[in-house]
Amino acid sequence: MKTESLRILFRPRRNHLTLRGGDLVSLEQSVRALQALGAECVISNDLSLELARFDLVHLYTFENLTAMLEDFVNARRSGKHVVVTPIYWRRQYWDDMSERNAVERPNFDPAHMDVNDPSRRALVHWLDEQADRVTMQLLLDACGKIFPFSETEGALIAEDFNIAGEKICTAPDGLDEEFAQGDANRFWEKYAAPLGGKRDFVMTAARIEAQKNTLNVIRAWNSETIPLVFIGRATEPAYFEQCRAEAGAHVHFLGEMSPADLADAYAAAKVHVLASWWELMPHSAVEAALAHCNLAVTQNCPAREIFGDDCWICDPSDGQSIHAAIRAAFDAPRQTQLASHLRERFTWERTGKILADAYRQVVSQPVLPPNHLYLERLHQIAALRAEAWKLRELHYHELEARARELRGWLRELENQRAARKSLAHPLHFARRWLKRVQA
Amino acid sequence: MIRFILHHAARIFVTNAPERDALAQNFEVPPQTIFDASAEAYSNAYRALAQNSAPDFLNDACAIQCAEDAAIELGWLTHFADAHYYQTFTPRLEQDAARARVLQAELLAQDRK
């Protein structure tokens, strides 16, 4: 089949319109590259869409596994080939995920029904994680091709889910040249005053949130006076508050920026730090590299595969390691060769060709009917979700009971206040005074 | 669950025509499995079923569809319940608790005067 006659339906995250992210940039650029090759591409979450006119369905992002399973089933019932861009990385590094990542099933005896027992929550999280992992396994086994962004991600998928190598096809993202066209002077016109004049600084372009590890970066750099600039949206208000509370005077939060303004910031910065708990594809570090920033990057991403030795690696759980990486990147002369190396290796044209070749290979094969294992996994998912639901219900009932009690108390307090207000009325005061005089 | 039971029942008995239509329309129940309920219909059905072995669910396309529905529905159930309780219900509960604390402090202050 020629690329010109390929018709592909892309299924992005359900919240892709309200929460943009690197995955969506990757999807949109891949679509453009495929369209340039003549393929017909549609991006849609509409499950009522008639699939007959498509050759295959491309699912994107292991974010909401239920949504992805629903998209897969929708395609399967229409007899369509399915391929997956999972965006997978091991998450055991992240402390916040420790309950989900527990190797052994946490002990909790539902017979005791103690809703406040922390092991109840631990078991719910563990069950959620198991259900998600079985869903991932089902999708990876049942799809025709898997597209990791890097060889490193592909190796993790092969190892963690026992997937045959020939099914995995690395499709790295291309580069967006816009980020090489920034103007440092434009940035300084706006921000010289808040940053205390034109000077080298350290920046991070990423959402401000726990997974991006913003707080540990602030703590690691709090002993320095060199400005640390965060550009990006704060998605978790409580976390952002804590970041602001702990940040020294040299830390600046500039909010979200347009790609053009961000390019200007990259041009002005000396170092870009991305110390996330994990990153599948360190998009902002790649963008910063195009603008010749030195890079401090988390060890939990394919940094060595992409940047080689032209970056400083840090352990996101270790403040000293983050500090050392930023400091070394800051003290080193500005890198000049990395951008051209990246340009040689990563282009959207190449991404489009890799995808188109893989699609043709998939559609040349018949769509296989679901096997025994597929049904078994579905039952496992349902059983895990049902058990997690039962434990959740315990907590929900407790919340409802607490809400009822609280509403009753609130009503009582409001009645008391209303009663006292009416007693304080001048007429009541006069009546009480009269009664007292008469007595 | 209803769909699962309906699709795996050997015979379904209904008491009136609207019920028959509703089952056919809402759950795509094959019309040949729907029968009007009567003592005679029941005894005929039992006699017929006694002569057959149980269906092999595992190879049944319908069993797969039901398992898919169950896995998806349960996933959404937990997803939306979490969204409701943690994003809407709990913040409102906390607001109510804060309001109660303010009112209580106000009343206590009045008592002290």
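Let me start with one residue: B:Phe80 is exposed, at a relative accessible area of 52%. Exposed here means over 50% relative accessible area, buried means under 20%, and partly exposed is in between, with a 1.4 Å probe and protein chains only.

Before going on, the conditions. This is a predicted model, where local features need pLDDT of at least 70 and side-chain atom pairs count only at pLDDT 80 or more, while totals for chains, interfaces and linings use all residues. Residues are numbered from 1 along each chain as its sequence is written, chains are lettered from A and ligands numbered from 1 in the order in which they are written, and side-chain values use heavy atoms, with hydrogens and water left out.

Now the aromatic rings. Rings of Phe, Tyr and Trp (its six-membered ring) pair if their centres lie within 6.5 Å; planes under 30 degrees apart are stacked, over 60 edge-to-face, and the rest tilted. Over all chains there are 17 aromatic pairs by this rule. Take A:Trp188 and A:Phe201: the ring centres are 5.6 Å apart and the planes stand at 85°, so this pair is edge-to-face. It links distant parts of the chain, since A:Trp188 is in helix H5 (residues 184-191) of chain A and A:Phe201 is in the loop between H5 and strand E6 (202-205) of chain A, 13 residues apart. For the naming, helices (H or I, at least four residues) and strands (E, at least two) are DSSP runs, numbered from the N terminus. Are these two residues buried or exposed? A:Trp188 is buried at 8% relative accessibility, and A:Phe201 is buried at 0%.

Back to B:Phe80. Its partner is B:Trp76, and the pair is stacked, with 5.3 Å from centre to centre and 25° between the planes. Both lie in helix H4 (residues 61-112) of chain B, four residues apart, about one turn of the helix. B:Trp76 has 13% relative accessibility and counts as buried, whereas B:Phe80 is exposed.

Ring pairs also build a cluster, made of A:Trp389, A:Tyr396, B:Tyr85, B:Tyr86 and B:Phe89.

Next, charges. Side chains of opposite charge can pair when their charged atoms come close. The rule for a salt bridge is a side-chain nitrogen of Lys or Arg within 4 Å of a carboxyl oxygen of Asp or Glu. How many salt bridges does the structure hold over all chains? The count is 30.

One of them joins A:Glu40 and A:Arg53, with the closest N and O atoms 3.1 Å apart. A:Glu40 is in strand E2 (residues 40-43) of chain A and A:Arg53 in the loop between E2 and strand E3 (56-60) of chain A, so the bridge ties together parts 13 residues apart in sequence. Both count as partly exposed, A:Glu40 at 36% and A:Arg53 at 39%.

Another is A:Asp264 with A:Arg186, at 2.8 Å between the closest N and O atoms. A:Asp264 lies in helix H8 (residues 259-268) of chain A and A:Arg186 in helix H5 of chain A, 78 residues apart. A:Asp264 is buried at 4%; A:Arg186 is partly exposed at 41%.

Then A:Arg417 and B:Glu106 meet in a salt bridge, 3.1 Å from N to O. A:Arg417 is in helix H14 (residues 372-423) of chain A and B:Glu106 in helix H4 of chain B, so this pair joins two chains.

Last, a network of salt bridges links A:Arg76, A:Arg77, B:Glu68 and B:Asp69.
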